[in-house]
Amino acid sequence: MSNEIDLDAIDREILFHLRQDGRLTNVELAKRVGLTPPPCLRRVKRLEESGVISGYRAVIDPAAVGRDLEVLVDVEVYATDRRTVQEFEDTVSSYEEVVELRRFFGRPDYFLRVAVADHAAYEAFLTGKLTGLPGVLRTESHLTMKKIKTES
């Protein structure tokens, strides 16, 4: 038995338009998907209540807030005990510079997406915060040449 909700073409169209602009009014959304407002609103509520739509948020331009250098970082750790791993994850999650943190199966152990002002700020983050953490074995930084596709 699956918890997956069945989505029809109209549901998928609603999701498409809300991904493009989460601030659409119900009236405008209904017009775009070919419904009247009441059934459109019922569908949106059903998508929210079922967890398909998990929230709405603002997309911030990193350059506008002085964080336009994005670095992808692979991190390998030598510690495998639960306490050290949890402390590493809690600490790295608390860093303002870290906008995404993932733990992987296999190598590398972690993937970080770091947003900072410039190369000097990244160096300060890397040497002053990340590499000094207990359990960190190795880091590898990747600078983006060009973003081809991103989805929020």
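In the predicted model, strand β1, spanning residues 69–77, is joined to β4 by seven bridges in the antiparallel sense. Within β1, V73 is positioned opposite S141 of β4. In general, the strands of a sheet are paired through backbone hydrogen bonds, in either a parallel or an antiparallel arrangement.

The pairing of β1 with β4 belongs to an open sheet of four strands, arranged in the order β2-β3-β1-β4 with antiparallel pairing. The edges of this sheet are formed by β2 (98–103) and β4 (136–143), each of which pairs on one side only. On average, neighbouring strands of the sheet are turned by 20° against each other, with direction ignored.

A helix accompanies these strands. Helix α4, comprising residues 82–94, lies across β1, β2, β3 and β4, where β3 covers residues 110–116. Relative to β2, helix α4 runs at about 155°.

Elsewhere in the chain, helix α2 extends over residues 26–33 and contains V33. The relative accessibility of V33 is 12%, and because burial is assigned under 20%, V33 counts as buried. When residues up to four places away in sequence are not counted, V33 is in contact with I10, E13, I14, H17 and C40.

Note on methods
Residues numbered from 1 in each chain as written. Predicted model: local features only at pLDDT ≥ 70, side-chain atom pairs only at ≥ 80, totals over all residues. Heavy atoms only, no water. Pairing = 2+ DSSP bridges. Helix = DSSP H or I, 4+ residues; strand = E, 2+ residues; numbered from the N terminus. Axes fitted to C-alpha atoms, helices over the stretch in contact; angles between N-to-C directions. Contact = heavy atoms within 4.5 Å. Buried < 20%, exposed > 50% of the residue type's maximum accessible area, 1.4 Å probe, protein only.
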